[in-house]
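Q: Could you walk me through this assembly, starting with the rings and then going on to an interface?

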Number of protein chains: 6
Amino acid sequence: MRPSKRAPDALRVVSLERGIAKHAEGSCLVKFGDTHVLCTASLEEKPPSWLRGTGKGWVTAEYGMLPRSTGERMRRESSAGKQSGRTLEIQRLIGRSLRAVVDLVHLGEKQITIDCDVLQADGGTRTASVTGGFIALHECLTWMKSRDMVGPKVIRDHVAAVSVGIYRGKPVLDLDYAEDSEAETDANFVMTGSGGIVEIQGTAEGKPFDEAELTAMLALARQGIGELIEMQRAVLG
Amino acid sequence: MRPSKRAPDALRVVSLERGIAKHAEGSCLVKFGDTHVLCTASLEEKPPSWLRGTGKGWVTAEYGMLPRSTGERMRRESSAGKQSGRTLEIQRLIGRSLRAVVDLVHLGEKQITIDCDVLQADGGTRTASVTGGFIALHECLTWMKSRDMVGPKVIRDHVAAVSVGIYRGKPVLDLDYAEDSEAETDANFVMTGSGGIVEIQGTAEGKPFDEAELTAMLALARQGIGELIEMQRAVLG
Amino acid sequence: MRPSKRAPDALRVVSLERGIAKHAEGSCLVKFGDTHVLCTASLEEKPPSWLRGTGKGWVTAEYGMLPRSTGERMRRESSAGKQSGRTLEIQRLIGRSLRAVVDLVHLGEKQITIDCDVLQADGGTRTASVTGGFIALHECLTWMKSRDMVGPKVIRDHVAAVSVGIYRGKPVLDLDYAEDSEAETDANFVMTGSGGIVEIQGTAEGKPFDEAELTAMLALARQGIGELIEMQRAVLG
Amino acid sequence: MRPSKRAPDALRVVSLERGIAKHAEGSCLVKFGDTHVLCTASLEEKPPSWLRGTGKGWVTAEYGMLPRSTGERMRRESSAGKQSGRTLEIQRLIGRSLRAVVDLVHLGEKQITIDCDVLQADGGTRTASVTGGFIALHECLTWMKSRDMVGPKVIRDHVAAVSVGIYRGKPVLDLDYAEDSEAETDANFVMTGSGGIVEIQGTAEGKPFDEAELTAMLALARQGIGELIEMQRAVLG
Amino acid sequence: MRPSKRAPDALRVVSLERGIAKHAEGSCLVKFGDTHVLCTASLEEKPPSWLRGTGKGWVTAEYGMLPRSTGERMRRESSAGKQSGRTLEIQRLIGRSLRAVVDLVHLGEKQITIDCDVLQADGGTRTASVTGGFIALHECLTWMKSRDMVGPKVIRDHVAAVSVGIYRGKPVLDLDYAEDSEAETDANFVMTGSGGIVEIQGTAEGKPFDEAELTAMLALARQGIGELIEMQRAVLG
Amino acid sequence: MRPSKRAPDALRVVSLERGIAKHAEGSCLVKFGDTHVLCTASLEEKPPSWLRGTGKGWVTAEYGMLPRSTGERMRRESSAGKQSGRTLEIQRLIGRSLRAVVDLVHLGEKQITIDCDVLQADGGTRTASVTGGFIALHECLTWMKSRDMVGPKVIRDHVAAVSVGIYRGKPVLDLDYAEDSEAETDANFVMTGSGGIVEIQGTAEGKPFDEAELTAMLALARQGIGELIEMQRAVLG
């Protein structure tokens, strides 16, 4: 029995609220249950310096948590003077995941930054960030298309992410914090709308897992990501 | 004529939404028009080291802006590796303002941190932070009282803040960004429920101002803060 | 009775010693009693990057305290790796105050940096810095005029600053450290030679102040700044 | 055909040289072809502060690259003032991998730090670090056992790691830099001596991968790690 | 001919002004010609953590330059966020030099910090700092003796420093900036009142030097330091 | 009797292993007994910014120690966020020493960085670095000559370094850590192949030294450096 009473293959209540930031070129407030992440897309008219002259653009991500998004207040990273390894790892993952569905040559020499700021955390902030970040990115590219700044083929597919774990010996989908902190294995999957795998990160927190468990987790992830991508399609109309 | 068509003495639409953060001991989402600030209060059971053994507690504040809360994306301060002078100045002001109405001896050897994170900015983020931060602080102290952690007299009064300026030669209340960036003089006032002045910060951005203008700005501030404190009273029941 | 036996409206002994730095384009050693600040002006032939191409110049300030300028040795900020919020707040105030009397278009695409380094502190270092910084700036502009680098109308007025406070219930002028650390209210005023107010920063350290006290403090400040500007005129000949 | 002419399932020439650091409690110079990593184990008699009083110990890892271990000289991270996201991500992986086979309760309140410094890089530095880091850790624990500082059951199993990728459409084992920089998918596997999976990190650099490819990569990894663990057994006698 | 017209073995005009800092336990404004350094001594009642429980104390030094102490304004190190290698090297030299004449066991578990802040620079700031720092240290120890905080034998000898160089082929004493920037060899000597050598740092900036030149420089240094120590004796009475 | 049983004028076993880094333009693994330093030379096609347009090039050095190169593990400087004063001081010394034998005009607008990374430390890491760094530099310049990137006269002479000290009252050559930590005086000499002195750094750790001791140390250094330069000649063929 999961702490939340959910079935093993049930996502939390998910919502994707578009266009909520007054200033950004794209935005989405994504909620996976009590995990709330505000995603914004910011367009910069020039690419990072190492891409100048190549004709290619870039999509990158930054991630942060409000100090009291968590059960215990965390020290503000700007005050600590640096971003933690966890923060850097997560924002690298979000950036890689989003770039996997963007044609950077069609984007041209521009940069889009997806900021994912966790307003409230209850497990799965990185997977919510990828899923909501895609909506912010999509809005930004639509905004650009309406201004003839890019052609129609910049986005090649949808992308979304979900966590899966082995909790009390059973594979479960979309872990909340109560499960995550106790799970034997915790894995994050990023997949596209056409079912390709973009990223797998699986870690045995307790005892190692085996191939059968990996296969079961993959099946759950595929189902959950399928549902998330349906929601993305619905909200993008 | 103000860009927003408001009367010179009209506040923007203000809302104070209590109890919106799952984890924090107190919280408030404050909106002054399009300026939205999420305020949370976090209790720590011990005071800063320089107060240990004195019997006194402390209230402090931290302030941050989401990178795309503004018209142009700002660099994330955690990535820059330090907080700007503006950030430090604002969080010092918020802390001083809230401490002005708290009896630190009655609080006892504890610390309350008020985090004010700007989700969206349109001028007046520091005054919204003081006004909403008071609600978060009040909720936290109520939470503590219900657990017999403090006595009834910890909060001595309400406190709220508003900006006033000289815009195109006329004193106006509660400047939004369009006015703020053009005002000749910009002043922030912090006042208590009983009308005492806690803080004045007035700066001539263009030509210097005179005593008559200062008096006019003070009158506008007194009226605006009076209205804000009424709203605080209403939301705190 | 003030600890220093001064009358409520008496400045400390003030001295302004010009031209004391061998290398700088302008300099002044300013003393407000036992508060001693060395101010230098450094000319740079190009403006900050965000002003390039605008035809405008910039005046900025930096502030520091020698580690043992104070009663207890303070940690050296270069060793701490960052400037404190107080330092940043003060140098922003000095810069704003001096820019208020300079025509940045007439200055042209150049930058003048006023360094204010506190050799010894006894309260009022920021007001001494503004008052002495003006002399260093004026010397620098005279040096530039003598080389035909600027026209005659770059400086529009004098500017000086003084602190005022409510000490044991009475308004007093130019607080020293003994008063400052006990005052109920502490305010800094920056005013021009023609009597305009450039900046007010007033903070209730103990109980809030009222409009009558604000008015009384303003009157004291106006008198004190008047005297300081007379001294500036005398020393500049 | 692989650039190195290796068969798809062939490791590079691997060597594990034990006991090569005069001062460390354990050490290993590990070579995966031209990738050379010096691993040392350092014992500290007390655990990190958050474990004090729990009876448990800790194993952690730090990772660095010499500036000219790579084809282009990289900036020294100590001079840059911070460790990159990649560095932090790798050292977190090494630490998690080694902790997976250590009984932290049997270790007791101590900390072992595994430093993995890349003397020369040619792809696969993180997998070489895990594989060689295990030898340094094992030596350290043997050193401790010989001094009766820990009991016999601290290490529960072997652990080693290898990279696998999809290169020109085919799964290949143990990528060198020439392959890694061109591979469509790059995955790192960490497994124990008894065949359990400790960590999977798979990333599609080009097009997404599917379940069949994942299964093929897992099979290659299992074989490669099996061979590496045989070498570990041989060198540990 | 030296730019300053001095004889090869002539010091600049040197002055040592004692007791000039209101707050410090010891202080000296030292001038070697146009090089002016303010030295203060600050007593802390406990030693650095690595000396606790040993019965020994410590003397350390910190060094800084005001931004416009030099011909071109230098960036403020607190703003740059770190001290330069040159700064660290100089303050380590000053500390070592002063410790050479202090009995740290007789000092007991305390720490004295000598801050040497360069108000104006014209070559030889580190040698002036050692020479003036000794006076500040001596004053501090006298202050402590008068309070029975240390016994009489804490200081074992005088210590002073001077620079010597090979300028246009000839050994010269006490280089100013004009000579220093052109000298083929630049050497700093630190010696005690009884003639012992505490430190030699000699660097060939142009062509290497030979033993005869080293001997000649040593002779000049011995003479100059003898004169400086006479002045120290005079000022200390 | 020296702890190592060496005669007072005996170097440790020295080896200079050339060409050991796959990627670098020049490299040398230098061993002075148990002190092992990996030196690499990296060519950059443009000089530092302050030399652009002057026709001159630059040779610089960076120095680091692996965390467990020493008896006690040291904190990694990249994790501490800055290089220590000792590190900066040593790398400045290495750079100056190598520049002393390079004609920077003949080098042209390029920069060569010599990285000296201490794999294992047992005293004398800076002198080993200079001695081995010269080989790496020489290899790099040979590599450049073979590509017609520089003419034949870029290197003017050999350069090497050795430490000398007063240990238990007697001058001894090439101190290892056991001697170094107990020596009364510790001096480092850098000299050229033709016998010129490039740098002397002598420090009395205990009682001051006198001219006779300095002369004796210089004689030992001259002999030791002569032997080191013979070895350099042998290895460079």
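Aromatic pairs and an interface

A: Over all chains, the count of aromatic pairs comes to six, where rings of Phe, Tyr and Trp (its six-membered ring) pair if their centres lie within 6.5 Å, planes under 30 degrees apart counting as stacked, over 60 as edge-to-face and the rest as tilted. This is a predicted model, in which local features need pLDDT of at least 70 and side-chain atom pairs count only at pLDDT 80 or more, while totals for chains, interfaces and linings use all residues. Residues are numbered from 1 along each chain as its sequence is written, chains are lettered from A and ligands numbered from 1 in the order in which they are written, and side-chain values use heavy atoms, with hydrogens and water left out.

Q: How is the pair of Trp50(A) and Trp58(A) arranged?
A: Trp50(A) and Trp58(A) are edge-to-face, with 4.8 Å from centre to centre and 80 degrees between the planes.

Q: And why is the pair of Trp50(F) and Trp58(F) classed as it is?
A: The ring centres of Trp50(F) and Trp58(F) are 4.8 Å apart and their planes stand at 80 degrees, so this pair is edge-to-face.

Q: Is Trp50(F) buried or exposed?
A: Trp50(F) counts as exposed because its relative accessibility is 54%; the classes are buried under 20% relative accessible area, exposed over 50% and partly exposed in between (1.4 Å probe, protein chains only).

Q: Switching to the interface, how many residues of chain B and chain C are in contact?
A: On the chain B side 25 residues are in contact with 25 residues of chain C, contact being heavy atoms within 4.5 Å.

Q: What area is buried there between chain B and chain C?
A: About 2300 Å² is buried between chain B and chain C, and carbon and sulfur atoms give 55% of that; buried area is the accessible area (1.4 Å probe) that two parts lose on being put together, summed over both. Within chain B, the residues that lose the most area to chain C are Glu89(B), Ile197(B) and Ile200(B), together 22% of what that side buries.

Q: How many salt bridges are there across the interface of chain B and chain C?
A: There are two across the interface of chain B and chain C, taking a salt bridge as a side-chain nitrogen of Lys or Arg within 4 Å of a carboxyl oxygen of Asp or Glu. Glu89(C) forms a salt bridge with Arg92(B), their closest N and O atoms being 2.8 Å apart.

Q: Which strand of chain B gives the most to the side that touches chain C?
A: That is strand 9 of chain B, with eight residues, strands being DSSP runs (E, at least two residues) numbered from the N terminus.

Notes: Helices (H or I, at least four residues) and strands (E, at least two) are DSSP runs, numbered from the N terminus.
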